[in-house]
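Dear colleague,

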Amino acid sequence: MPKKKTGARKKAEKQSERQRMLRDARGNIDLGQQPCNSRMECDKCQRPQKNRAFCYFCAAVQKLPICAQCGKQKCMKSSDCLIKHPGTHTTGMNMVGAICDTCEAWVCHGRKCLSVHFCECPLLDAVCIECERGVWEHGGRIFKCSFCDAFLCEDDQFEHQASCQVLDAESYKCMSCNRLGQHTCMQCKICFCDDHVKRKGFTYKKNEPLPCPKCGFATSETKSMSVSTKKYDYGRQNAYEEEQETNYSEEYMRVHDNFSSFGINNYGDESDD
């Protein structure tokens, strides 16, 4: 028979499980709560913007910079600092050590922050999917779409999420068969049934959403989301008129230009001019 666990053994296992959960939660911080993407208000022009080393609008240096990795504004007496300051606490420019080229924010002079942040910056590939602007092209914060997990700037955040729940197909049927798709991938914008959402030889974790067999993104149930299959393009149909005009032959366009030069419109009448 297996040995019975003692109280100390149970306590140690609970503590190790708690530490593992804390490590996982630390690595899955939301992009809006990252220190390099926090909200900052300029001391000079009073304009809100993303955390930056210099103001995006007036290029002023902030009095109390925030570290892009650990988020602190005051460096305490620690042995991790590359610039030693025994017995004193440092703030302002005495605390910073470098500027990140990706997020344009200060990084403190801590050894861990300087060695880790530049490789693990959350805004490495942060280009808005709508306007295709990076961190350097606008002064706002960066967010991620809650459906397709794509980067969004502060200007296009709500407009994109309002139109993101639209499928590329004309129905909710599975792409591999004719049955109703129970699972939807919001990145590929396609549906899968219960049989085709799973791949052979792949082990799935319990109580976790099934990944998309095409891109690997976590799928969601179609019935739990207001997914639409119709797409409306509002506005005047100028693109259709231009496309219809370019379908004419070259001879017709040459005759049309000649008549237009004489002041005759499409109906054969002279213009008012």
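I begin with C45, which counts as partly exposed because its relative accessibility is 27%; in these terms buried means under 20% relative accessible area, exposed over 50%, and partly exposed in between, computed with a 1.4 Å probe on protein chains only. The sulfur of C45 is 3.5 Å from the closest cysteine sulfur, which belongs to C42, and this is too far for a bond. A disulfide is taken here as a pair of cysteine sulfur atoms within 2.5 Å, and the structure holds zero of them. C148 is likewise in no disulfide: the nearest cysteine sulfur, that of C145, is 3.6 Å away. C148 counts as buried, at 6% relative accessibility.

Please note that this is a predicted model, in which local features need pLDDT of at least 70 and side-chain atom pairs count only at pLDDT 80 or more, while totals for chains, interfaces and linings use all residues. Residues are numbered from 1 along each chain as its sequence is written, and side-chain values use heavy atoms, with hydrogens and water left out.

Q49 lies in strand β2, residues 48–50; strands (E, at least two residues) and helices (H or I, at least four) are DSSP runs numbered from the N terminus. With a relative accessible area of 2%, Q49 is buried. The side chain of Q49 reaches the backbone oxygen of R47 at 3.4 Å. Beyond the neighbours within four places in sequence, Q49 is in contact (heavy atoms within 4.5 Å) with several residues, among them S38, R39, M40, C42, F57 and G139.

Q34 is found in the loop between α1 (7–27) and β1 (39–41). It counts as buried, at 17% relative accessibility. Residues up to four places away in sequence not being counted, Q34 touches I29 and P122.

L64 belongs to the loop between β2 and β3 (74–75) and counts as partly exposed, at 48% relative accessibility. Neighbours within four places in sequence aside, the contacts of L64 are Q73 and T91. L64 and T91 are 27 residues apart along the chain, and their C-alpha atoms are separated by 6.7 Å.

The open sheet

Three strands form an open sheet in the order β10-β9-β11, with antiparallel pairing; two strands pair if DSSP finds at least two bridges between them. The edge strands, each pairing on one side only, are β10 (190–192) and β11 (220–221). Strand β9 (residues 183–185) is joined to β11 by two bridges, and the two run antiparallel. Opposite H183 stands E221 in β11.

The nonpolar cores

A nonpolar core is a set of buried Ala, Val, Leu, Ile, Met, Phe, Trp, Tyr and Cys residues joined through side-chain atoms within 4.5 Å. The largest such core has 22 residues, of which A68, C103, V107, L123, A126 and I142 touch the most other members. Strand β6 (residues 106–108) contributes the largest share of this core, three residues. Leaving out residues up to four places away in sequence, C103 touches C36, K50, N51, A68, H117, C121, L123 and V135. A second, separate core of 13 residues includes C128, F147, C164 and M186.

With kind regards

Conventions
Polar contact = N/O pair within 3.5 Å; in protein donor to acceptor, adjacent residues only side chain to side chain.
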